[in-house]
Amino acid sequence: MLSRLFAPKVKVSAHCDLPCGVYDPAQARIEAESVKAVQEKYQANEDADFRTRAVLIKEQRAELAKHHVSVLWSDYFKPPHFEKYPELHQLINDTLKALSAAKGSNDPATGQKALDLIAQVDKIFWETKKA
């Protein structure tokens, strides 16, 4: 009797932790755009206090971008995605490494490289959403 009482009334299934709609690479892209923008502002300003604050903000934003990419990798993408896109594991790794490089650099080129890789993740993500 207790098992019937506590048995689920409705069965649901999802390929991710929650029904789709909660994951989006745009979160990583926005943070990475901030990284690049801060790198450009850093280059354009000689004030030591400004530069110190810029580095702090850039590092925080890069860490957030890494978090969002990691969440896609661990929570959204599933074995069928990795089978269809065998380059996906390496792409995620390269993206995380690029964000780490941008975090440790004030060169906007490193921010742009991270953005370019996030765009590739974004493309695959939206292709999987169509399926």
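Modeller: A word to settle first: "buried" means under 20% relative accessible area, "exposed" means over 50%, and "partly exposed" is in between, with a 1.4 Å probe and protein chains only. You're looking at a predicted model, where local features need pLDDT of at least 70 and side-chain atom pairs count only at pLDDT 80 or more, while totals for chains, interfaces and linings use all residues. Residues are numbered from 1 along each chain as its sequence is written, and side-chain values use heavy atoms, leaving out hydrogens and water.

Biologist: How many helices and strands are there in the chain?

Modeller: Six helices and zero strands. Of the chain's 131 residues, 34% count as buried.

Biologist: Which residues of α2 are buried?

Modeller: Ala28, Glu31, Ala32, Val35, Lys36, Val38, Gln39 and Tyr42. Around the axis they cover an arc of only 160°, so they sit on the same side of α2. That arc is taken from the directions running from the helix axis to the C-beta atoms. The buried residues of α2 pack against α3, α5 and α6.

Biologist: Arginine 53: buried or exposed, and how do you know?

Modeller: Its relative accessible area is 56%, so arginine 53 is on the exposed side of the cut-off. Arginine 53 belongs to helix α3.

Biologist: How do you know whether the span of α5 agrees with what it should be?

Modeller: The expected span is 1.5 Å times one less than the number of residues. For the 16 residues of α5 that gives 22 Å, and the end C-alpha atoms are 22 Å apart, so the two agree.

Biologist: Why say that the buried residues of α5 line one face?

Modeller: The residues in question are Leu88, Leu91, Ile92, Thr95, Ala98, Leu99 and Ala102. Seen down the axis, they fall within an arc of 125°, so one face of α5 it is. They pack against α2, α3, α4 (79–84) and α6.

Biologist: Which residues touch the most other members of the largest nonpolar core?

Modeller: Leu72, Phe77, Leu88 and Leu99, out of 22 residues in that core. α2 (26–43), α3 (48–76), α5 (88–103) and α6 (108–130) each supply at least two residues, and α6 gives the most, with seven. It's called a nonpolar core because its members are buried Ala, Val, Leu, Ile, Met, Phe, Trp, Tyr or Cys residues joined through side-chain atoms within 4.5 Å.

Biologist: How many aromatic pairs does a search of the whole structure find?

Modeller: Five. Rings of Phe, Tyr and Trp (its six-membered ring) pair if their centres lie within 6.5 Å; planes under 30 degrees apart are stacked, over 60 edge-to-face, and the rest tilted.

Biologist: What kind of pair do tyrosine 76 and phenylalanine 125 make, and why?

Modeller: Their centres are 4.7 Å apart and their planes are at 50°, so the pair is tilted. Tyrosine 76 is in helix α3 and phenylalanine 125 in helix α6, so the pair ties together parts 49 residues apart in sequence.

Biologist: Where does arginine 51 lie?

Modeller: Over the face of tyrosine 42, at 4.0 Å from the ring centre. A charge sits over a ring if NZ of Lys or CZ of Arg is within 6 Å of the ring centre and within 35 degrees of the ring normal.

Terms used: Helix = DSSP H or I, 4+ residues; strand = E, 2+ residues; numbered from the N terminus. Contact = heavy atoms within 4.5 Å.
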